[in-house]
Amino acid sequence: MMRSRVVSSLIVDRIRAKLELKPVEIIHEFKDYYGIDISYYHAWFGKELAKLNVHGDESKSFNELVWYADAVKETNPGSLCTLECEAGINRFRRFFVSFGGCIAGFQYCIPLLFIDATFLKSKYKGQLLCASGKNENQGFYPLAFGVVDSETEENWTWFLQHLASILLPMGRVVTFFSDCNQGLLNAMGFVFPGWPHSYCYYHLKQNLISKHPKSGYGKLLQDRVINLFSRCAYAVTEEEFTVAMEELVIVGSSKVKTFISNLSRDHYANAYFKGMRYGEMANSLAESFNNWVGVFRDLPVLPLIEGIRQKLMVLNSQRRIEADKWTTILCPEMETRLWENAEAGRTWVVRCSSFIVFEVFADYSVMIDLEQRTCSCCLWQIDSFPCTHAVAAILAKKDSVYDYVECYYRTDFFRKAYESPIFPIPDIGKGVGSNSFAAGVVLPPITKRPAGRPPTKRIKAFGEFKRPLKCSRCSVTGHNRKTCKAVM
C-alpha cells in the first residue's frame, strides 16, 4: 500500500531541503528508516508529487513573475528586472533580472563577461541565458541572467540590450567571452559594436576535433592538428602565429582549412586580439555558473529564479565574510601567484639600462619596460599581471611589486565588489493588491512534449569526452574513494 502519494507526503520536507534527491536515495531511505521496499516508479513519481507540493503548479508560476518583478525592484534598489509577454495574448516570452548588489559590485571586478546559455528541464522547457564576470580572486561573479523560450538571435539581442543598459553607464569597456553561436555573434556585433569579443578556445578545439577521424592514423593527425591550433591561439607574436598557421594548413584536411579560413584570428589568437583578456582563453566561468545552478533547472520558472537569487545571496555573504579575514594586499590566489613568480626569478641576473628599462637574463634575455608595463616575453601584456621577468626587475630596482599590479587583483577591490548585499524577497502576502497577478494574465509558453521520457542530460558534441573517474586513495581510474576496495 506504499503508493506514490504516501511516499510524497513522507519526503516533502526532504525535497524542500535537498532538490537533487534521487529516486534511488529515496528507495534506500525507506528501507533504512521504515524497513519497506518501494519500487523505483513509486519513488520517482512520489518525488514529482512532492516537488509539485513544494514549488507549485508550473503553469501558474509564470503568472507569479508579475508579482516577482515588482518585488525585486522594491526589495533590491538598483535592480533591473523585466518581464515581456506576447502582445495581445499575454503569453510568456522572456524574463531578465540583475540584482542591485551585483550591478554595484561588478564595476570593481575584472572587466570580463562570460556569456552562455543552458537548457531548462521543466515542463515548458526554455533556455537560461547568463552573464558572469570574474572577481579578483579568480572566482565567477554572476551579473545577470534571463529565461527565454528559445536560444535565437532575437532573444540574444534582447538580453544583450538589457546588459548594455547596465554596462554603458559604468564607462568602461568589457571583454566578452562566448562560444561561436551565430545568433549570439550577430547580436553581439549589433549591441556592442567595437567591443572586444573572444571566442572560447575550448569550443573551437572541439569543433576542430570533429574535422578529423578518431581512430588509426587519423588519431595521430588529429592530435597534431590540435597541437598546432593551440600554438596558433597561444602564440604571443605574429611571427609565431604565422609559422604555426602555415604548418596547420599543410597538415590539416580540407575541412580544417575551411574551418580556419572562416575563423577570424582577431577573436581567438593572442597575437592579434584587440583588447584585454587577463590571461583567459575559454568560456569556463560561464560553464561554472551553469553547473552551479544545475540543481534548479528542472523547477518551475519562479522557483528557478528565486532559487538562484537565494544561492547568490548566500554566496555573496560568504565571500564578504571571508574577505574580512584576509590580511594580504592582493587576494590570496593572486598573492600566491605573485610570490611564486618572485621565487622563480630569484637566481636570475638583472641589468639596468635606464631608470625604467631593464634586461633580465634567464634561459634567454628579455627587456622589461616598467613604465609601459611590457616584457619581451609578452606575458605581462597578455595576463595583465607581472610575469617572472617583470617581478625580478621590480625587485632589483627595489620598488614595491604591488605598485605594478592591476587594481582588479587587490583585496580592497574584492571587498567593494561584495559590499552591497542582495536582500531577501519575502513572499508573505504574495499577489495581494496586484490586479494582474489575480487575473492570471501571464500564460505559459506553448510547448509540445516529445515522446518518451524527457531527457535531463545534454547531448555531447562529437569528439567531446568525459574525464575518467580517478580514485584519490589508490590513484586507479574507474572508481572513486568511496567505493575503493584496494588493500593499502
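Helices (H or I, at least four residues) and strands (E, at least two) are DSSP runs here, numbered from the N terminus. This is a predicted model, where local features need pLDDT of at least 70, side-chain atom pairs count only at pLDDT 80 or more, and totals for chains, interfaces and linings use all residues. Residues are numbered from 1 along each chain as its sequence is written, and side-chain values use heavy atoms, with hydrogens and water left out.

**Figure 1**
Tyr141 sits in strand S5, which covers residues 140-148. With a relative accessible area of 1%, Tyr141 is buried (buried means under 20% relative accessible area, exposed over 50%, partly exposed in between, with a 1.4 Å probe and protein chains only). What is Tyr141 in contact with, leaving aside neighbours within four places in sequence? The list runs through Gly101, Cys102, Gly105, Phe106, Cys109, Ser132, Gly133, Lys134, Asn135, Ala417 and Tyr418; contact means heavy atoms within 4.5 Å. Take Gly105 from that list: Tyr141 and Gly105 are 36 residues apart in sequence, and their C-alpha atoms are 9.2 Å apart in space.

Glu419 belongs to the loop between H17 and helix H18 (435-439). Is Glu419 buried or exposed? Glu419 counts as exposed, because its relative accessibility is 55%. Along the chain, Glu419 and Cys102 are 317 residues apart, yet 9.7 Å separates their C-alpha atoms. Cys102 also turns up among the contacts of Tyr141.

Rings of Phe, Tyr and Trp (its six-membered ring) pair if their centres lie within 6.5 Å; planes under 30 degrees apart count as stacked, over 60 as edge-to-face and the rest as tilted. One of the pairs is Phe62 with Phe92, a tilted one with 5.0 Å centre to centre and 50 degrees between the planes. This pair links distant parts of the chain, 30 residues apart: Phe62 is in helix H4 (residues 58-75) and Phe92 in strand S2 (residues 92-98). Phe62 is buried at a relative accessible area of 6%, and Phe92 counts as buried at 3%. Then there's Phe385 with Tyr409, an edge-to-face pair with 5.4 Å centre to centre and 85 degrees between the planes. Phe385 lies in the loop between helix H15 (379-383) and helix H16 (388-397), while Tyr409 lies in the loop between H16 and helix H17 (411-417), so here too the pair links distant parts of the chain, 24 residues apart. Both Phe385 and Tyr409 are buried.

**Figure 1. A ring cluster, and charges over rings.**
Which residues do ring pairs link into a cluster? They are Tyr201, Phe229, Tyr234, Phe241, Tyr268 and Tyr272. Over the ring of Tyr272 sits the charged end of Arg265, 4.0 Å from the ring's centre. For the record, a charge sits over a ring if NZ of Lys or CZ of Arg is within 6 Å of the ring centre and within 35 degrees of the ring normal.

Most residues other than glycine have a negative phi. Arg373 isn't a glycine, but has a positive phi of about 55 degrees. You'll find Arg373 in the loop between strand S10 (365-369) and strand S11 (374-375), and Arg373 is partly exposed at 32% relative accessible area. Ser475 also has a positive phi, near 65 degrees, and is placed in the segment after H18.

**Figure 2. Thr447 in the segment after H18.**
Thr447 is found in the segment after H18 and counts as partly exposed, with 38% relative accessibility. Not counting residues up to four places away in sequence, Thr447 touches Lys123 and Tyr124.

**Figure 3. The whole chain, for context.**
The protein chain has 18 helices and 11 strands, and 49% of its 488 residues count as buried. Its C-alpha atoms fill a box of roughly 85 × 55 × 50 Å, taken along the principal axes.
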